[in-house]
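Q: Could we go through this one together, a piece at a time?

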Amino acid sequence: MQHNTVRGALRGTTATLAMAAAIAGATSAATAAPLALEPVVETSETAPAAPVAEEFTSTGSSTISSSVNAKVACLFQRTFSAMRLDC
C-alpha cells in the first residue's frame with residue numbers, strides 16, 4: 001500500500017516544475033543573441049566625497065529589521081522542514 005503525504009506530493013510537483021523551468025531556461029539561453037558591450041567612457045570629473053552617515057547602529061531600525069527578518073526566516077524554515085529549530 002502506498003502512503004502519499006502532502007509534503008511528498010509538493011516535493012514531486014516542485015521537482016517537476018523546477019526541471020521544466022531548467023529545460024525551458026536552457027533552450028531560451030541557447031538561442032539568445034549575445035549582448036553588445038559598450039566601451040567605457042572615462043571622465044576626469046569626479047564628485048567630491050561626502051561624509052557617510054552612520055546607518056547601521058546596534059539600536060537602529062536596520063538592526064531591528066534584520067532581527068525580524070531572521071525570525072521570520074527561522075519560523076518559515078521550521079514550519080516547512082523537518083528540523084526542530086529554536087526560533
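A: Thr79 counts as exposed, because its relative accessibility is 54% and the cut-off for exposed is over 50%. Please keep in mind that this is a predicted model.

Q: OK, and where does Thr79 lie?

A: Thr79 lies in helix 2, the element that covers residues 61-80.

Q: Which backbone atom lies 2.7 Å from a polar atom of the Thr79 side chain?

A: That is the backbone oxygen of Leu75, which lies 2.7 Å from a polar atom of the side chain of Thr79.

Q: And how far is Leu75 from Leu85 in space, C-alpha to C-alpha?

A: The two C-alpha atoms are 8.1 Å apart, while in sequence Leu75 and Leu85 are separated by 10 residues. Leu85 itself is found in the segment after helix 2, and it counts as partly exposed because its relative accessibility is 26%, a value that falls between the 20% and 50% limits.

Q: Switching to charges, which residues form the positive surface patch?

A: The positive surface patch is made up of Arg7, Arg11, Lys71, Arg78 and Arg84. Helix 1, residues 6-30, and helix 2 each contribute at least two residues to this patch.

Q: What about Arg78, where is its place and what is its relative accessible area?

A: Arg78 has its place in helix 2, and with a relative accessible area of 36% it is partly exposed.

Q: Zooming out, how many helices and strands does the protein have?

A: The secondary structure comes to two helices and zero strands.

Q: And how much of the protein counts as buried, and what is the accessible surface?

A: Of the 87 residues, 3% count as buried, and the accessible surface comes to about 8300 Å², with 64% of that area belonging to carbon and sulfur atoms.

Terms used:
Residues numbered from 1 in each chain as written. Predicted model: local features only at pLDDT ≥ 70, side-chain atom pairs only at ≥ 80, totals over all residues. Heavy atoms only, no water. Helix = DSSP H or I, 4+ residues; strand = E, 2+ residues; numbered from the N terminus. Buried < 20%, exposed > 50% of the residue type's maximum accessible area, 1.4 Å probe, protein only. Polar contact = N/O pair within 3.5 Å; in protein donor to acceptor, adjacent residues only side chain to side chain. Patch = residues over 30% accessible without salt bridge, like charges linked within 9 Å, V, L, I, M, F, W, Y side chains within 5 Å. Areas by Shrake-Rupley, 256 points an atom, 1.4 Å probe, with all protein chains shown as cover. Salt bridge = Lys/Arg side-chain N within 4 Å of Asp/Glu carboxyl O. Lys, Arg positive; Asp, Glu negative; His and termini not counted. Charge placed at Lys NZ, Arg CZ, Asp CG, Glu CD.
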